[in-house]
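Please take a moment to look over the sequence and the model before reading on. The paragraphs that follow start from a single residue and then widen the view step by step.

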Amino acid sequence: MSTIPASQPKFTWRAAARRLAALTLPRRSDYAELPRSWRHDLVAGVTVGIVALPLALGFGVASGVGAAAGLVTAIVAGFVAAVFGGSHLQVSGPTGAMTVVLVPVVARYGVDAVFALAILAGFLIVLMGLMGMGKLVSVIPWPVVEGFTLGIGVIIFLQQVPLALDTPKADGENAAVVALRTAQETDWSRAALPLAVTAGVIVLMLVLGRVRRSLPASLVAVLVATVVAELLHLDVDRIGALPATLPTPSLPGWDTSAIAAMLPSAMAIAALAALESLLSARVADGMVERVPDTDADRELVGQGLANVASGMFGGMPATGAIARTAVNVRAGARTRVASASHAVVLTLVVLVATPLVALIPMSALAGVLIVTALRMIDLGTARSILRATRADGTVFLVTIAVTIVFDLVVAVQVGVAVAALLAVRSMSRVSGLDRVRVSEGLDAADEDALLDEHIAVYRFHGALFFGGTKQFLDEIATVKDVHVIVLVLTEVRVMDTSGANALQEIIADLQRRGVTVLLKGLDAEQLRMSRALGVLGTLGSPDHYFTDLPAAVAHARNHVRYELADIWSLQCALRPVR
């Protein structure tokens, strides 16, 4: 018996409003663990705030919108995402991946366009959450994610060349080309000091990380570099004056033609923010037990609202930050109070410490980001993927190459497409069609054995889908001297509409050749699809579908017996009378 699919619920504004409220309003359950974990949450918030400070400044500078915008993003987006997001552990703010996307945007449209893009992308991310697209990230193959991450690390490293050399960034959008041109245009006699500062920060961070992992190595290294630069009066570029208060929220001037031109960039930013945030949240969920898993759709809505708020306050687009989220978890965070308090810590820095932050050498921030980039390049994981299978290695390398040459969103799209094509090829290889003895597992008499010579039983296994139907069609088309074919589909695990259509074509072709086709073994969903596409109607009779193989074979034998009897009677009638 086929199953009747349940009718889809009708759209109503009340249902839409309930879903919007469920995905946007904070819940009491978000803070159920707070009475037991508030001390750990506050400690984690302070720890993450210390770690996030140099990263926020560095990513703001590297993206071209400035250190102040990076700091504002970490504060505003970090707080809004913590309150409204779907993860209890996620820390949001400016990230290296977003920096990679924003550099060509700033070069093309200017700094002011970034604020409008953050708001526009935020609305798109909210829409993605309301449409239930949060679970789509789970279909992205692991080699694509790792190739994407390694490619980002390479680009972040290349983007630090102008900062490390205190040289204006050369024209261009591709990070490798810009780095090469910048190196060619550098006054190396002046670049020695900032390069030494960068190298010193890198070495100090790596040493501190080995000596004591609990130390905020990036902040300590930046403080040491700043003190040394001040004491020795080093001629290196500094961050410069920062506002001592948060800017007031405002909407950027909207130009319809400009928005239309920037819409592809906004879509790319929205896709990247959704992807990175959900991947980061998934990593956090796996790091600690007894904390509710991330609500993916609610996380998208929260990240969308965070981007809208960031753009209104003069910040850049934000995402969930994997490194800061991991620090948050390791520091003992168990509720969203930790990530919210990290934003409060950064706000205090803006209110009381901006004169000190203004003295930080730009080359010191380059050192911090270079170490961040190097930690994203996991050679052990790369070796594991390359040794696993040729297909996984191909997907991994293609994703890296496209990330570096083009951009991150294109890289994910191409990586998933290549992975899908290779998966289709693999499924086609493991799928097959076997002809089995008619009497296999059955008691066959002598008469039945003679009848069986005109009956063919084929057992199909694997997937009957768009990637593997031609082989199926060609093999059955070679059948000769057969009156009845029984197709056993019990072991078909996947069947799509292309596979069902191919099955219909096979049956129609055999019927035209005078061969009767019997089917056996579709599951409920496959049976429903076959009826909807007219496959069962092609059989010629509802009695030609069976759920039991012995019954199908018995029907085939009766059919052949009557057919042979008719042929014998016809031959007798045509025989001349002597």
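A residue is called buried when its relative accessible area is under 20%, and exposed when that value is over 50%. With this cut-off in hand, and keeping in mind that the model is a predicted one, we can begin with valine 51, which is found in helix 2, the run of residues 34–63. Is valine 51 buried or exposed? Its relative accessibility is 15%, and therefore valine 51 counts as buried.

What does valine 51 touch, once residues up to four places away in sequence are not counted? Its contacts are then Pro216, Ser218 and Val327. A further comparison of sequence and space involves asparagine 328, which is 277 residues from valine 51 in sequence, although the two C-alpha atoms are 9.8 Å apart in space.

Not counting residues up to four places away in sequence, serine 218 touches Val51, Pro54, Met205 and Val368.

Of its 578 residues, 51% count as buried. Among the contacts in the chain with a separation of 6 or more, 84% are accounted for by residues 24 or more positions apart.

Which residues touch the most other members of the largest nonpolar core? That core has 96 residues, and the ones in question are Leu57, Leu71, Ile239 and Ile360. Leucine 71, leaving aside its neighbours within four places in sequence, is in contact with Leu53, Ala56, Leu57, Leu346 and Val350. There is also a second, separate core of 28 residues, and its members include Ala456, Tyr458, Ala500 and Leu510.

Helix 18, made of the 16 residues 390–405, gives an example of a helix whose span can be checked, since the distance from its first C-alpha to its last is 22 Å, close to the 22 Å expected at 1.5 Å a residue. Several residues of helix 18 are buried, among them Gly393, Phe396, Ile400 and Thr403.

Between strand 5 and strand 6 the chain passes through helix 22 (residues 497–512), and the three elements together make a right-handed β-α-β unit.

The average pLDDT of the protein chain is 83, and 87% of the residues score at least 70. Where is confidence lowest, and where is it highest? The lowest mean, 54, belongs to helix 20 (residues 446–452), and the highest, 96, to strand 1 (residues 92–93). Over residues 1–8 the pLDDT is below 50, and this stretch has seven contacts in the model beyond near neighbours in sequence. Residues 441–447 likewise stay under 50, with five contacts beyond four places in sequence.

Terms used. Residues numbered from 1 in each chain as written. Predicted model: local features only at pLDDT ≥ 70, side-chain atom pairs only at ≥ 80, totals over all residues. Heavy atoms only, no water. Right-handed = clockwise from strand over helix to strand, strands pointing away. Helix = DSSP H or I, 4+ residues; strand = E, 2+ residues; numbered from the N terminus. Expected span 1.5 Å × (residues − 1). Buried < 20%, exposed > 50% of the residue type's maximum accessible area, 1.4 Å probe, protein only. Core = buried A, V, L, I, M, F, W, Y, C linked by side-chain atoms within 4.5 Å. Contact = heavy atoms within 4.5 Å. pLDDT = per-residue confidence, 0-100.
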